[in-house]
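Work through the following exercises with the sequence and the model side by side, trying each task before reading its solution.

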Amino acid sequence: MHRNVRVVLIALTALLLAGPAFAHKPIFPEGRGCTQDDAIVIDDINVSQVAYTELTEACPRLWLTFDADAGQELYLQIALPQIDRYADLRPAVAVLGPDLPPVDVPFDVPAGYGGYVFATDDVEEPESFHEPFTGTDDWILKELTRDLPVAGRYYMVAYLPAGEVGKIWVAFGREEQFGLEDFLNFGNIVARTRAYHEVSGPGGICPFAGLLALGLMLVPLWLAARPRR
């Protein structure tokens, strides 16, 4: 194959593989994480991830848990899907950890734990955000970082202080980390994300972009392995 064609293929591969790096790896709780005992375990709080949840009367909070080192940075976003009926929701996230200051929250805190509450009720004009790979829109309410002072097991609890129900999401981590499974599952991730945002149709960038990226990635390897004549 002509050298210029190989260059184009490699460039296309790079673009496609770079695409999902602009998005978080999604977590769909599906009824999990409603209580401390059922908290969703986050293996690495530094990896860029987002938990899409719908808080209901039966499940009014989302509990996430992770281990952290002393001084480790927690990067956090609190947001809403851009759906009109949720425009006035103002969620909060409590970060609970050992030996932290006492915290006032509408639920029981683990023994020996305190924490910080990050509220969004002071936000009048959320930042609009369009995610091109899924073709979805969101309102970003708050973005912050906090150094965790002690080592140990932490909890993040997302809730609506006024007791409403509705969809909110919490994102955390800065390190983009995508593997082969993520690319192969890209179409399903797009579909589930769009369903959460209540957007119909395939939308976004091609749902088969993961498979296409994999195919294009293999082409240069196949070309390099071919015997030269």
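**Exercise 1.** Determine what share of the protein's contacts with a separation of 6 or more is accounted for by residues 24 or more positions apart.

*Solution.* Contact means heavy atoms within 4.5 Å. Among the contacts with a separation of 6 or more, residues 24 or more positions apart account for 76%. The model is a predicted one, in which local features need pLDDT of at least 70 and side-chain atom pairs count only at pLDDT 80 or more, while totals for chains, interfaces and linings use all residues. Residues are numbered from 1 along each chain as its sequence is written, and side-chain values use heavy atoms, with hydrogens and water left out.

**Exercise 2.** Find which residues of helix α3 are buried, and decide how they are arranged about its axis.

*Solution.* Buried means under 20% relative accessible area (1.4 Å probe, protein chains only), and helices are DSSP runs of H or I with at least four residues, numbered from the N terminus. In α3, which covers residues 186-196, the buried residues are Phe186, Ile189, Val190, Thr193, Arg194 and Tyr196. Viewed down the helix axis, these fall within an arc of 155°, so they line one face of α3; the arc is that of the directions from the axis to the C-beta atoms.

**Exercise 3.** Is His197 buried or exposed, and which residues is it in contact with, leaving aside neighbours within four places in sequence?

*Solution.* First place His197 in the loop between α3 and α4 (209-225). Its relative accessible area is 4%, so His197 is buried. With those neighbours left aside, His197 is in contact with Tyr52, Pro81, Ile83, Thr136, Asp137, Asp138 and Trp169.

Terms used: Buried < 20%, exposed > 50% of the residue type's maximum accessible area, 1.4 Å probe, protein only. Helix = DSSP H or I, 4+ residues; strand = E, 2+ residues; numbered from the N terminus.
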